[in-house]
Structures are given as C-alpha cells and as structure tokens.
Amino acid sequence: TSSSGVVQGAPGLVSVPPGFSMPSVPPPSFPGQPAGETGSPLPNPGTYEECHRKCKEVFPIQMEGVRLVVNKGLSNHFQVSHTVTLSTLAESGYRFGATYVGTQQTGPAESFPVMVGDMDNTASLNAQVIHQLTSAVRSKIAIQTQQHKFVNWQCDLEYRGDDFTSAVTLGNPDVLLGSGIIVAHYLQSISPALAFGGELVYHRRPGEEGAVTSLMGRYTGNNYVATLTLGGAGAHATYYHRANDQLQLGVEFEGSMRTQETAVSFGYQLDLPKANLLFKGSVDSNWVVGAVLEKKLLPLPLSLALGAFLNQKKNTFQCGFNVTVG
Amino acid sequence: MAGIEELSPAVGPVDTRPPEGEIDEDEDEELDESFIERLWGLTEMFPDTLRSAAEVTVSSSFTMAKKLYSFSRAALWVGTTSFMILVLPVVFETERLQLEQQQLQQQRQILLGPNAGMSGGMPGMMPPAPVKM
C-alpha cells in the first residue's frame, strides 16, 4: 500500500504535494564483490535523499480534514486507489491513482518498471516512471501538471557502485528558454558505518544562474543513525535512535541561512502491534505539539488515523482523520 | 481667632465662617483628610529609606504574584493540552488492551478451570510444578 505523505524532491526543486507518493522501493542488495579498494567490501550506502529519511519518518504528518482512501489490488502487478478529501482550509476533491509494477524482477521485493500515476478531479496529473536500465543504473521520470499546465518535469539517473552511489537529476529543462536545474549527488561509504557525500545544485534562468553545494556525513551505529548536512542553504542535522522494538526516537535540527531561523524538533514513534496501534508524536521549538494515532480495525481491512496539531504560541489547532480501506 | 485670620487670609469673608464655639468640632468633621489618609500620614514618621524599601518590596511582590498567577495559568493550559495530545491516546489504548486481555484470561479461567488462567492456558489437570524436559 502506498503511504501518502510529502515526498521532498532535491533541494532547489519544487517539493511534491501530498498525494503524490511513490511506493517504497528498497535498495537492491548487491552480492559482496571483493574488488573493493581496501580489501574488505564496503556496503553500498544507499541514496543521498534517504539519509535523513529514517529520522523524518518518525515524525507525525499534519492532517487536516477528512480523507477516505480505498486501495484495491486488481492483480499482482496493478493497484488502483481512490481518494476523497474533504477539507476546511483547502479544496475538497477526488483523486484517482494507479500503480503498475512490471515483470522484470531484480530482487525479492521489487520489480521494474514501476509506473505510478495520480489524477485529480481538476485534471492535475502526477506521474512517475521508474525503471532499472541495467543492474546498476536506475532511471526515473516524473511529471507534474496543474490542470493542463506542466509545472514540474524531471528526469533522474542513478548509478549504484560497490560502495558509492551517484545520481544526476535534470529538473524542468526548457531548451527554448534556456532554463533548468541540474542536481548532482554523490555518496561514498568510507567505512561500514560512515558515509560521506556531496550535492551540487545548479540552476539557470534567462538572465541569472547560480549554484549551491552541500556536504553530508552519516554515521550508523548499533541502534542509531546520525546525519549532518552542511551547505550554502543552511545546516540540517538528524539523529535517529531505536530504543527498543516498540519505541523509536528522532531529533532534528534545522537552520536556514536564507531566513536566519533555526528549529529543533523532537519526535517519537510508538509501535504496539498487539494493540494494532501506531502512535507518532512530536514537540517543536516553535511551540508546536502534534500527534498522529493510527489504528487497524482488524477484522476488516480498515485503518483509521487521527491527527491533531496544536500551535501553543499562536493558539491555533488543526485536526483531521483518515480512513484507509484495503 | 486673630491668629487664624493671619494664617489663612483666603478662607473667605468673616461672616461665612462658623461661630467660634463650633470651630473645634467642625474642624474634625470638615478636615479634607479621610481616615485612611490620616493613617498614611502616620507612616511619615519612618525614615525615607525604610519607606522606599517597603514600597519597592510590596509593589514587586504584587507584580511577582500577578506574574506567577498568569504563568501558572499558561503553564497549566499548555501542560494539559500537550499531555492530551501526546500521551492520552496511548494511555487509553494500552488500558483497553489490558482490560481485553484480562477479560480473555477470565473467560479462559471460567471455561477451562481455575488453573488455566496462566500464560499458555494449559488445562488445569497439570501439577503446579512443571517438569522441564
């Protein structure tokens, strides 16, 4: 089942709105090839975007209004979802989504090509095609339109080596205007626990061009992961800790050079499979307190999610609930 | 009477003033000071430093009490709502789970005999000391 949440594109690109979700594709496991540089084989470090993701997944999502999602699997390869959103702040609407998973199987849990598409009742389309071109190269094309206008179109190529991953993303290339964004990522394993990486974003519009670079380091311990990203746009540090099989904690620090603001958030996730319960809570330095409770109502394939977010300083409150069938 | 005339020439024409016999009593009633003001006047006998120290202490303790009151109101509200959002649902659900498990145990006890409430629900015919294989 695809989880609906905000999927962040690379910094510099427009982040994709909720509802545009990608089925989680676990990284392919490569057989340990002993042709490593220092003798012992270093593991592939994963992708650049995934480094902060473990900590971010601990935090609850802000929910507003009512959402009903009906997922129906039509076959092993094809899945369809209907989403009805009723909301007080934004527009209510209906969204139809389809996921096709192809027949070329590269691992136990993944097959390619993967095609995901979503269409809104205002005819806004989000579509993604992910394909594994060779055993080490994966490509992705994503398109997003707002009614009939193309808002985002990007193409992405990722190469996974033995102990490194590099990716190049070309965003909104417009040959006629001479504008576009190029993002290059590189992540290298230094030791089984340590990985370093860098990112370069180059954007160009008629009359202006600029580049932003950042460096990233990630350390994976026994039951924790610490990641730090430093760049021209600011600093971002996350720490993820798995206390026991029920409790996971995350601490996130974010500082932005542009707005000269810093924020610290603390989040936790409590997993009680015996009670069919998943609870995520977060406390923020902006005096925001939020929580999401997900409960599986078990004899039926129903799951109910209740969310509440309270801003103590501004005294505003938002709550919502999701019902997912199937 | 002549002294009074000298000290307060602006009192008014002589014929409006009360007769001399009543002046002493009326002075007590017509004085501009109220009771509180007369008591306050008594404090003027203390030295200035003591008076200003007392005034600062009293006013700052009033301010502190007001601030403490408003802080405790805000803290109580923030604490209650944050507890409600962050902790209460989990507490409800775990209590519900415990109650359900207790109920199941009780049902098993009723169904299978008094020693069957233990984990595993073994039938009540086994001796209390299990034999380890």
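Between chain A and chain B the count is one salt bridge, a term used here for a side-chain nitrogen of Lys or Arg within 4 Å of a carboxyl oxygen of Asp or Glu. The bridge joins the side chains of Lys295(A) and Glu93(B), with 2.9 Å from N to O. This is a predicted model, in which local features need pLDDT of at least 70 and side-chain atom pairs count only at pLDDT 80 or more, while totals for chains, interfaces and linings use all residues. Residues are numbered from 1 along each chain as its sequence is written, chains are lettered from A in the order in which they are written, and side-chain values use heavy atoms, with hydrogens and water left out.

At the interface, 20 residues of chain A are in contact with 13 residues of chain B, where contact means heavy atoms within 4.5 Å. The two chains bury about 1,200 Å² between them, 75% of it on carbon and sulfur atoms; buried area is the accessible area (1.4 Å probe) that two parts lose on being put together, summed over both. Of the area that chain A buries against chain B, Phe279(A), Val289(A) and Gln312(A) supply 29%, more than any other three residues.

Over all chains the structure holds six aromatic pairs, meaning rings of Phe, Tyr and Trp (its six-membered ring) with centres within 6.5 Å, where planes under 30 degrees apart count as stacked, over 60 as edge-to-face and the rest as tilted. Two of these pairs are tabulated below.

| Pair | Centre to centre | Angle between planes | Class |
|---|---|---|---|
| Tyr159(A) and Phe164(A) | 5.8 Å | 40° | tilted |
| Phe164(A) and Tyr186(A) | 5.7 Å | 35° | tilted |

Phe164(A) lies in strand β8 (residues 164–174) and Tyr186(A) in strand β9 (residues 179–189) of chain A, so their pair ties together parts that are 22 residues apart in sequence; strands are DSSP runs (E, at least two residues), numbered from the N terminus. Tyr159(A), Phe164(A) and Tyr186(A) form one aromatic cluster. Tyr159(A) is partly exposed at 38% relative accessibility, as are Phe164(A) at 22% and Tyr186(A) at 36%, on a scale where buried means under 20% relative accessible area, exposed over 50% and partly exposed in between (1.4 Å probe, protein chains only).

Elsewhere, Tyr239(A), Val251(A), Phe253(A), Val264(A), Phe266(A) and Val283(A) make a nonpolar surface patch of about 430 Å², patches being made of residues with over 30% relative accessible area and no salt bridge, with nonpolar side chains (Val, Leu, Ile, Met, Phe, Trp, Tyr) joined within 5 Å. Strands β14 (247–256) and β15 (261–272) of chain A each supply at least two of the patch residues. Phe253(A) lies in β14 and is partly exposed, with a relative accessible area of 35%.

Notes
Helices (H or I, at least four residues) and strands (E, at least two) are DSSP runs, numbered from the N terminus. Patches are made of residues with over 30% relative accessible area and no salt bridge: like charges are joined within 9 Å, nonpolar side chains (Val, Leu, Ile, Met, Phe, Trp, Tyr) within 5 Å. Accessible areas come from the Shrake-Rupley method with a 1.4 Å probe; for residues, only the protein chains shown count as cover.
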